[in-house]
Amino acid sequence: MQPDQSTKLVASVAADQLGIKAVTLRKYSTMIEKQLNNEDLFRTTGTSHRLYTATDLGAFKAAIALTEQGTTLAEALQKSFDQPEQQPNFVVESTIPTKPVSSVEPQPAIKPVQPSGPSNEELYKQQQIMIRRLDSLNHRLNQVLVKLDQQAAPKPQHPWWQFWRY
């Protein structure tokens, strides 16, 4: 069910539409309100509840998509809420001869998002180091356990009347 442009949804319903938890949506909303310095962005007058429009949901969906591509949450929210609403591009023809108007605007080249974290090779090396450390710790732990088992092993029983020999 897609809400129309005038419908305002409460956080739980809006979160269901986005496929996230309501508490997560509230966290995102708080971040946006702080970034845009507008505490009443999602609040209507007279209530303290946040209400979301279809435009808001679209911006949140765009932010979620950006985070899945590797953008940080703060950057993704900033980008998706700072974009002006998409207005249809109309070409107005005038009777005064001017430069030819092209209806096709060049699209900027989309650069792939580069992950800011370590590469797969670095992660693999770190994983190998951790595996070696864990193996070493496991070996030492097993040695200690064997010694403890030897110390706790019952001593052989001798007849009580020969207590002076042992």
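Start by selecting Phe 42: this residue is buried, with a relative accessible area of 2% (buried means under 20%, exposed over 50% and partly exposed in between, using a 1.4 Å probe and protein chains only). Before you go on, note that this is a predicted model, where local features need pLDDT of at least 70, side-chain atom pairs count only at pLDDT 80 or more, and totals for chains, interfaces and linings use all residues. Residues are numbered from 1 along each chain as its sequence is written, and side-chain values use heavy atoms, with hydrogens and water left out.

The structure holds seven aromatic pairs; rings of Phe, Tyr and Trp (its six-membered ring) pair if their centres lie within 6.5 Å, and planes under 30 degrees apart count as stacked, over 60 as edge-to-face and the rest as tilted. Phe 42 and Tyr 52 make a tilted pair, 5.1 Å centre to centre with 40 degrees between the planes. Phe 42 sits in the loop between α2 (22-35) and β2 (51-52), and Tyr 52 in strand β2, so their pairing ties together parts ten residues apart in sequence.

Now widen the selection to Tyr 28, Phe 60 and Phe 81: ring pairs link these with Phe 42 and Tyr 52 into a cluster.

Finally, zoom out and colour by secondary structure. The protein chain has five helices and two strands, in the order β-α-α-β-α-α-α along the sequence; helices (H or I, at least four residues) and strands (E, at least two) are DSSP runs, numbered from the N terminus. Of its 166 residues, 17% count as buried.
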